[in-house]
Amino acid sequence: MKEIYDIAVVPGDGIGPEVSKAAVRVLTEALGSTAVLRFAEYPAGAELFQRTGDSFPAATFEACRSADAILHGAAGLPGVVHPDGTEAGLDFTLGLRSKLDLYANVRPIKLWPGVTSPLRGREVGDIDYVIVRENSEGLYAARGSGVFLRGEVAMDPLVQTRKGIERIVRFAFELARTRGGAPADGRRRVTCCDKANVLRSYALFREIFSEVARGYPDVEAEYALVDAMTLHLVRQPSHYDVIVTENMFGDIISDLGAATVGGMGMAPSAELGDGNGFFQASHGSAPDISGKGIANPYGTVLAGAMMLDWLGRRHGDRRLLDAARRIELAVHDALAQRNALSGDIGGTMGSADITGILCANLAPAASAA
Ligand SMILES: NC(=O)c1ccc[n+]([C@@H]2O[C@H](COP(=O)([O-])OP(=O)(O)OC[C@H]3O[C@@H](n4cnc5c(N)ncnc54)[C@H](O)[C@@H]3O)[C@@H](O)[C@H]2O)c1
């Protein structure tokens with residue numbers, strides 16, 4: 001257990017600064033007057049790239065590497081691109097993943113009380129699964145490599161290795177053991193989501209999944225092709241508990257999952273390696289709503305709670321584990337009473353006011369009630 005934890009905060013672009021500010025405020029409130037977390041802000045992203053030509057300064061990387069955890073708002077602005085057409089704002093997130101080997105991208109998809117799912121008849125408790133997205137290999141690992149020929153031909157290789165697949169699948173099964181099973185039947189289940197019928201790299205993913213699954217007889221193992229998976233996540237989300245999948249597939253199905261529980265604003269994520277943890281909402285910089293004060297802060301606040309949970313377990317620190325639970329409770333209460341809803345989830349409240357309500361819910365008198 002440490003006395004103080006250093007948190008590197010990278011606000012980023014668009015709504016990034018707005019939602020990261022909300023999360024820092026809630027995290028600080030949850031830990032009371034004790035200065036347990038020491039926040040320091042560092043620049044990265046598309047706007048920085050526009051100003052300086054550097055999207056991810058070396059000093060920001062060094063601060064992130066040496067911090068106890070990293071909290072991110074969001075980065076990227078469409079149109080701010082490198083000569084090859086890819087977005088400069090994404091250099092931070094993608095660079096951090098590979099440089100710190102943040103191989104497990106954990107994305108809970110949970111329907112909270114007070115939030116209406118666009119899926120008819122789905123209530124709180126019906127949707128509660130986690131997408132474990134492989135974060136270090138797959139198609140996205142090809143960024144910056146591959147072939148780009150005279151603006152005529154572009155090729156991005158899809159690489160998957162035994163080591164990479166094994167560790168992410170094992171992570172998914174271990175995670176399933178900590179959970180209460182799928183909402184539909186209470187069974188612990190890991191679903192391998194791939195495209196093994198078409199590409200060898202996915203066939204390898206499935207083969208290694210089966211090998212690892214044999215070591216977890218207490219957890220049900222099953223398979224779904226990614227195209228069918230999009231159908232299943234809409235028609236029978238309650239069946240799912242933990243889903244493990246390749247990098248790009250995880251990116252895509254987690255947006256679909258987020259849509260079923262209220263949208264991008266309700267989806268947190270934790271990107272974990274053996275030594276570092278990086279926490280942000282699953283959404284991007286939402287340029288269409290930035291600067292208006294109307295961004296939904298719940299995803300980033302919940303990512304902050306995941307950060308406390310991760311730090312608390314790593315360091316055996318009850319203060320942090322406790323604060324994580326209290327934040328989840330504050331979110332639960334705010335949403336259940338339907339008095340702190342942003343526009344994307346059917347309300348009219350801005351992010352600063354929602355943050356204020358979350359902080360009030362965290363006050364000792366409120367939590368004791
Ligand atoms: N981790 C990241 O930093 C990250 C992730 C995804 C996309 N991006 C980048 O973000 C930029 C915008 O991408 P996009 O528009 O495809 O995706 P986006 O997630 O930013 O937005 C998609 C839709 O969801 C809404 N939305 C997202 N977050 C919201 C919130 N907190 N509250 C209310 N509504 C919210 C937006 O208004 C938009 O309608 C691009 O530059 C993209 O590359 C960054």
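This is a predicted model: local features need pLDDT of at least 70, side-chain atom pairs count only at pLDDT 80 or more; totals for chains, interfaces and linings use all residues.
A salt bridge here is a side-chain nitrogen of Lys or Arg within 4 Å of a carboxyl oxygen of Asp or Glu. With that rule, a search of the whole structure turns up 23 salt bridges.

Residues are numbered from 1 along each chain as its sequence is written, and side-chain values use heavy atoms, with hydrogens and water left out.

## Salt bridges

| Pair | N to O distance |
|---|---|
| Arg-179 and Asp-241 | 2.8 Å |
| Arg-206 and Asp-194 | 2.8 Å |
| Glu-328 and Arg-325 | 3.3 Å |

Let's start with Arg-179 and Asp-241, whose salt bridge has its closest N and O atoms 2.8 Å apart. Arg-179 sits in the loop between α5 (162–178) and β8 (189–194), and Asp-241 in the loop between α7 (226–235) and β10 (242–245), so the pair ties together parts that are 62 residues apart in sequence. Helices (H or I, at least four residues) and strands (E, at least two) are DSSP runs, numbered from the N terminus. Both Arg-179 and Asp-241 are buried; buried means under 20% relative accessible area, exposed over 50%, and partly exposed in between, with a 1.4 Å probe and protein chains only.

In the second pair, Arg-206 belongs to helix α6 (residues 200–213) and Asp-194 to strand β8, so this bridge links parts that are 12 residues apart in sequence. Arg-206 counts as partly exposed because its relative accessibility is 25%, whereas Asp-194 is buried, with a relative accessible area of 0%.

Glu-328 is partly exposed at 28% relative accessible area, and Arg-325 is partly exposed at 38%. Elsewhere, salt bridges that share partners join Asp-185, Arg-187, Arg-189 and Glu-220 into one network.

## Asp-309 and its link to Arg-325

Which residue's side chain does Asp-309 join through a polar contact of 3.2 Å? The partner is Arg-325. A polar contact is a pair of N or O atoms within 3.5 Å; within protein, one must be able to donate a hydrogen and the other to accept it, and residues adjacent in sequence count only if both atoms are side-chain atoms. Asp-309 itself is part of helix α9 (residues 298–315) and is buried because its relative accessibility is 15%. Not counting residues up to four places away in sequence, Asp-309 touches Leu-321, Ala-324 and Arg-325, where contact means heavy atoms within 4.5 Å.

Ala-176 is found in helix α5. Is Ala-176 buried or exposed? At 0% relative accessibility, Ala-176 counts as buried. Leaving aside neighbours within four places in sequence, the contacts of Ala-176 are Arg-188, Val-190, Val-219, Asp-241 and Val-242.

Ser-254 has its place in helix α8 (residues 247–260) and is buried, at 1% relative accessibility. The side chain of Ser-254 reaches the backbone oxygen of Gly-250 at 2.7 Å, and one of its polar atoms lies 3.2 Å from the backbone oxygen of Asp-251. Beyond neighbours within four places in sequence, Ser-254 is in contact with Arg-107, Ile-109 and Ile-131.

## Around the ligand

How many residues surround the ligand? There are 22, and the closest are Ala-75, Glu-87, Gly-284, Ala-286 and Asn-296; a residue is near a molecule if one of its heavy atoms lies within 4 Å of it. This shell divides into 11 nonpolar, eight polar and three charged residues.

Oxygen atoms of the ligand also take part in polar pairings. One is 2.8 Å from a polar backbone atom of Ala-286, and a backbone N or O atom of Ser-285 lies 3.0 Å from a ligand oxygen. For Asp-288, an N or O atom in the side chain is 2.9 Å from an oxygen atom of the ligand. The protein covers 72% of the 800 Å² of accessible area that the ligand has on its own, with areas from the Shrake-Rupley method and a 1.4 Å probe.

Conventions
Ala, Val, Leu, Ile, Met, Phe, Trp, Tyr, Cys and Pro count as nonpolar, Asp, Glu, Lys and Arg as charged, and the others, Gly among them, as polar.
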